[in-house]
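Please consider the sequence and structure shown below. The paragraphs that follow lead from a single side-chain contact to the wider fold.

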Amino acid sequence: MNMSFQSLITGPKALGLRVIRCVTRPLVSCLATALGLGLALPVAAQGTGPTLDRIKAAYVYNFAKFVELPGAEEMPIRLCVVGKDDPNDRMFSLNRRIAQKREILVRKDVAMDQLKDCGMVFVGAADNRLLPQVVKQLGNAPVLVISDDRQAIDQGAHLGLLHNDDRVEFEVNLLNLQRSNLRASSQMLKLARTVVR
């Protein structure tokens, strides 16, 4: 499947990333390039603090592009950050970005009873104690749950970000996605480290 993209990652300066042009390349190849040639994006040379945070934000941004989220084209995608874990404002750097022709609006420290108004929910590893509550509150609502806690997938998240040595990888719980009536692109699934079916 060939698709034409101006760039896979828009607004790279805000995320500290380079623009990747995909004109006639297959989507898998383009996404693989954006996510680090293969299954992981290297954290490498600059240290792990802010760079790691920017890479995780880039993954979340790409998830917004490659998972079909409910809502009309004119409605924004609400990315809700649960808890206090957003060092260096990594998720807030996605505010006002465009994914699937929709603007992303980031909301921080969202109350549990407001989560069903979100299109995506991010729970950071430092707030992992909140993840089971988030999953219970949402039930099968069509809200994409993402976490960078190592046990995220086992606790009910749809997507988990893993930091291993010098790379960031992601896992997908396809069963949870299906229960929530969410669909990830097949190209994205091919790049996942693990897909729970």
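This is a predicted model: local features need pLDDT of at least 70, side-chain atom pairs count only at pLDDT 80 or more; totals for chains, interfaces and linings use all residues.

**From a polar contact to the fold**

The side chains of Arg 90 and Asp 148 are joined by a polar contact of 3.2 Å. Arg 90 belongs to the loop between β3 and β4 (98–99). Because its relative accessibility is 4%, below the 20% limit, Arg 90 counts as buried.

The chain as a whole provides the setting for this contact. Its secondary structure comprises six helices and 11 strands. Of the 197 residues in the protein chain, 53% are buried. The chain exposes about 9400 Å², and carbon and sulfur atoms supply 50% of that area. Among contacts between residues at least 6 apart in sequence, 60% join residues at least 24 apart.

One covalent link also joins separate parts of the chain. A search of the whole structure finds one disulfide, and this bond connects Cys 80 to Cys 118 with an S to S distance of 2.0 Å. The two cysteines lie in distant parts of the chain, 38 residues apart: Cys 80 is in strand β3 (residues 77–82), whereas Cys 118 is in the loop between β5 (102–108) and β6 (120–123). The torsion about the S-S bond of Cys 80 and Cys 118 is about -95 degrees, so the disulfide is left-handed. Both Cys 80 and Cys 118 are buried.

Attention now turns to strand β8 and its partners. Strand β8 (residues 159–164) is largely enclosed by the rest of the structure, because five of its six residues are buried. Strand β7 (residues 144–147) runs parallel to β8 and is joined to β8 by two bridges; here Ile 146 stands opposite Leu 159 of β8. With β9, by contrast, β8 pairs in the antiparallel sense, over six bridges. Leu 161 has Phe 170 of β9 as its bridge partner. The hairpin of β8 and β9 has two residues between the strands, and Asp 165 takes a positive phi near 50 degrees in this hairpin.

The loop that leads from β7 to β8 contains Ala 157. Ala 157 has a relative accessible area of 0% and is therefore buried. Which residues surround Ala 157, leaving aside its neighbours within four places in sequence? Ala 157 is in contact with Leu 131, Val 135, Val 145, Ala 152, Asn 173 and Asn 176. For one of these, Val 135, the C-alpha atom is separated from that of Ala 157 by 7.0 Å, although the two residues are 22 places apart along the chain.

A pair of aromatic rings is described by the distance of the centres and the angle of the planes. The count of such pairs in the model comes to three. Phe 63 and Phe 170 form an edge-to-face pair, 5.3 Å from centre to centre, with 65 degrees between the planes. This pair links distant parts of the chain, since Phe 63 lies in helix α3 (residues 49–66) and Phe 170 in strand β9 (residues 167–173), 107 residues apart. Phe 63 and Phe 170 are both buried. Ring pairs extend the arrangement to a cluster of Tyr 59, Phe 63 and Phe 170.

How values were computed: Residues are numbered from 1 along each chain as its sequence is written. Side-chain values use heavy atoms; hydrogens and water are left out. Rings of Phe, Tyr and Trp (its six-membered ring) pair if their centres lie within 6.5 Å; planes under 30 degrees apart count as stacked, over 60 as edge-to-face and the rest as tilted. Helices (H or I, at least four residues) and strands (E, at least two) are DSSP runs, numbered from the N terminus. Buried means under 20% relative accessible area, exposed over 50%, partly exposed in between (1.4 Å probe, protein chains only). Two strands pair if DSSP finds at least two bridges between them. A disulfide is a pair of cysteine sulfur atoms within 2.5 Å. A polar contact is a pair of N or O atoms within 3.5 Å; within protein, one must be able to donate a hydrogen and the other to accept it, and residues adjacent in sequence count only if both atoms are side-chain atoms. Contact means heavy atoms within 4.5 Å. Accessible areas come from the Shrake-Rupley method with a 1.4 Å probe; for residues, only the protein chains shown count as cover.
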